[in-house]
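Thanks for passing this one along. Here are a few notes to read alongside the sequence and the structure.

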Amino acid sequence: MEKKINKYQDALDFIKGYHQYYCEEWLPGDEEEIKKGLECEQTLQELIDRATPKKISHDGFYHSTCPICGTQHIEPLESDDEFKYCPMCGQALDWSQDER
């Protein structure tokens, strides 16, 4: 899944470069248009960040915590796909545990 996310991040970074060039060459002084473009870039970055699975913290028992909103979840069974995303904030969750 990480490759897919990188693809979207790469596309956004490409668009950011063009937006910067476009603003410098064609829109100098058009603050409203520049602001609108930056807001769109920020919105897309939020979507990419939300879709990128983030590691949850395990408490050592059967509870884990969303790294974004702090909601506690009961760890799913291995076959359970119910919690790929936090039901409270929508953050993609990475349930893998680091090997020790």
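This is a predicted model: local features need pLDDT of at least 70, side-chain atom pairs count only at pLDDT 80 or more; totals for chains, interfaces and linings use all residues.

**Notes on the model**

1. Setting aside neighbours within four places in sequence, Gln9 touches Gln45 and Ile48. Gln9 sits in helix α1, and its relative accessibility of 19% makes it count as buried.

2. Is Tyr18 buried or exposed? With a relative accessible area of 51%, Tyr18 is exposed; the label requires over 50%.

3. For the overall layout, the protein has two helices and five strands. Along the sequence they follow the pattern α-α-β-β-β-β-β, with both the helices and the strands assigned from DSSP runs.

4. Which strands make up the open sheet, and in what order? Three strands form it, in the order β2-β3-β4, with antiparallel pairing. Strands β2 (57–58) and β4 (72–74) are at the edges; each has a single partner strand, so one side of each has no neighbour in the sheet.

5. Looking at one pairing in that sheet, β2 and β3 (residues 63–65) run antiparallel and are joined over two bridges. For His58, the bridge partner in β3 is Ser64.

6. Now the cysteines. How many disulfides does the structure hold? The count is zero. Cys66 is worth a look here: the closest cysteine sulfur to its own is in Cys89, 3.7 Å away, which is too far for a bond, because a disulfide needs the two sulfur atoms within 2.5 Å. Cys66 counts as buried, at 3% relative accessibility, whereas Cys40 is partly exposed at 41%.

7. Finally, some totals for the whole protein. Of its 100 residues, 23% count as buried. The protein exposes about 7900 Å², and carbon and sulfur atoms supply 54% of that area. Among contacts with a separation of 6 or more, 41% are between residues 24 or more positions apart.

Methods: Residues are numbered from 1 along each chain as its sequence is written. Side-chain values use heavy atoms; hydrogens and water are left out. Buried means under 20% relative accessible area, exposed over 50%, partly exposed in between (1.4 Å probe, protein chains only). Helices (H or I, at least four residues) and strands (E, at least two) are DSSP runs, numbered from the N terminus. Contact means heavy atoms within 4.5 Å. Two strands pair if DSSP finds at least two bridges between them. Accessible areas come from the Shrake-Rupley method with a 1.4 Å probe; for residues, only the protein chains shown count as cover.
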